[in-house]
Amino acid sequence: MSHENRVVLITGGGGGIGTAIAEKYVRDGAAVGIVDSSPQAGALLAERLNKLGYRAHFVVADVSVYEQCEDACRRIESALGPVDTLVNNAGISPKHQGLPSPIWRMDPAEWRKVVEVNLNSMFYFTRLLVPGMIERRFGRIVSMSSVAGKAHLDIVAAHYSTTKAGVIGLTRHLAGELGPHGITVNALAPGRIDTPLVAGAPKEANDAVIAVTPLRRLGLPGEVADACLFLTSGHSNFITGQVIDVAGGWLMT
Ligand SMILES: NC(=O)c1ccc[n+]([C@@H]2O[C@H](COP(=O)([O-])OP(=O)(O)OC[C@H]3O[C@@H](n4cnc5c(N)ncnc54)[C@H](O)[C@@H]3O)[C@@H](O)[C@H]2O)c1
């Protein structure tokens, strides 16, 4: 799909899906800027990719704080060059003893945090990187929604599904606003993906999803990454404002 000479910024790049995305981009010729609030995961990933001869730069930042996003963009662009591809992937889905909070017990501070991390960060990075994309008349943006943003799922809480629906709304708005500038904006809606987080969930919870997934298994982080690379490659130049499920047919939202 060749991303030769491209510069990709990935938020939450140290996590399960983010790591797979970073690995696929560097193998396809891109340089990757990894932004994550977890210093260890991101640093180890960047170090490993650099040792293999790829170009990767890690910046530790909390994507829910605008000033830290601004600093992360500046540091990544001075290390790797102008960012032409943005992957808004950072996300959280707080649970309590493995269960989502019902709305009547949800802590307003937790609600605000989820909105800040899952949705506001998409606005922040887009706001910061789009001026350069407009100037160069080229940009690619992919944001991580979820099937929970399109259908009711009792395994997540209201703040999570609301923000994932918000990602879809903002994707469609931005596709309309930025299309005339040569920028495409799309979203991915993963189903249940076999990341460390999901692997740690009770076996029954994963088995229940597998039973109603036509492909009868969990998805792999690399399979979400493949869809992401497709949406930023030359194979999807006329696709914008779309949400692609990567869910093995689960829900078919
Ligand atoms: N795993 C799944 O089954 C699944 C399904 C649907 C959607 N998603 C979405 O895919 C994305 C990646 O999920 P994942 O499974 O890789 O999760 P993950 O927890 O493995 O990775 C998320 C990464 O985001 C980082 N992060 C969290 N808060 C941050 C903050 N404030 N600032 C900077 N970084 C922060 C974490 O440190 C982590 O490295 C998320 O948006 C998630 O909602 C995942």
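How much space lies in the largest pocket? In this predicted model, the largest pocket holds about 1200 Å³ of space.

## Pockets

The largest pocket is lined by 47 residues, and those closest to its centre are Gly-91, Ser-93, Tyr-160, Thr-195 and Leu-197. Elements that contribute two or more residues to this lining are α1, β2 (31-36), α4, α5 and α6. By class, the lining of the largest pocket consists of 25 nonpolar, 15 polar and seven charged residues.

Is Thr-195 buried or exposed? Its relative accessible area is 12%, so Thr-195 counts as buried, the cut-off for that class being under 20%. Apart from neighbours within four places in sequence, Thr-195 is in contact with Gly-16, Ile-17 and Pro-221.

The second largest pocket contains about 150 Å³ of space. Its lining comprises 14 residues, of which Leu-218, Gly-219, Val-246, Ala-247 and Gly-248 lie nearest the centre. Seven residues of this lining are nonpolar, four are polar and three are charged.

## The enclosed cavity

The model has one cavity of 30 Å³ or more, and the volume of the largest cavity is about 30 Å³. Asn-88, Ala-90, Val-117, Asn-118, Ser-121, Met-122, Ser-143, Met-144 and Val-167 form the lining of the largest cavity. Two or more of these residues come from each of α4 (108-136) and β5 (139-144). Which element gives the most to the lining of the largest cavity? That element is α4, with four residues. The lining of the largest cavity has five nonpolar residues, four polar residues and no charged residues.

## Salt bridges

Side chains of opposite charge can pair when their charged atoms come close. The model contains 10 salt bridges. The table gives three of these pairs.

| Salt bridge | N to O distance |
|---|---|
| Glu-23 and Arg-48 | 2.7 Å |
| Glu-47 and Lys-51 | 3.3 Å |
| Asp-245 and Lys-150 | 2.7 Å |

The side chains of Glu-23 and Arg-48 form a salt bridge at 2.7 Å. Glu-23 belongs to helix α1 (residues 16-27) and Arg-48 to helix α2 (residues 39-51), so this pair ties together parts that lie 25 residues apart in sequence. Glu-23 is buried, with a relative accessibility of 19%, whereas Arg-48 is partly exposed, with a relative accessible area of 39%.

Helix α2 also holds both partners of another pair, Glu-47 and Lys-51, which are four residues apart, about one turn of the helix. Glu-47 is partly exposed at 42% relative accessibility, and Lys-51 is exposed at 68%.

The salt bridge between Asp-245 and Lys-150 has an N to O distance of 2.7 Å. It links distant parts of the chain, with Asp-245 in strand β7 and Lys-150 in the loop between β5 and α5 (158-178), 95 residues apart. Asp-245 has a relative accessible area of 25% and is partly exposed. Lys-150 is likewise partly exposed, with a value of 32%.

## Residues with positive phi

Most residues other than glycine have a negative phi. Arg-216 has a positive phi, near 55°. Arg-216 is placed in the loop between α7 (203-211) and α8 (221-232). Is this residue, Arg-216, buried or exposed? With a relative accessible area of 52%, Arg-216 is exposed, since that class begins over 50%.

Leu-251 also has a positive phi, near 75°. Leu-251 is located in the segment after β7 (243-246). The relative accessible area of Leu-251 is 37%, so this residue counts as partly exposed.

Key: Residues numbered from 1 in each chain as written. Predicted model: local features only at pLDDT ≥ 70, side-chain atom pairs only at ≥ 80, totals over all residues. Heavy atoms only, no water. 1 Å grid on protein atoms, 1.4 Å probe; cavity = no way out; pocket = protein on both sides within 12 Å on 5 of 7 lines; lining within 4 Å. Points joined across faces, edges and corners; volume = space filled by probe spheres on them. Nonpolar A, V, L, I, M, F, W, Y, C, P; charged D, E, K, R; others polar. Buried < 20%, exposed > 50% of the residue type's maximum accessible area, 1.4 Å probe, protein only. Contact = heavy atoms within 4.5 Å. Salt bridge = Lys/Arg side-chain N within 4 Å of Asp/Glu carboxyl O.
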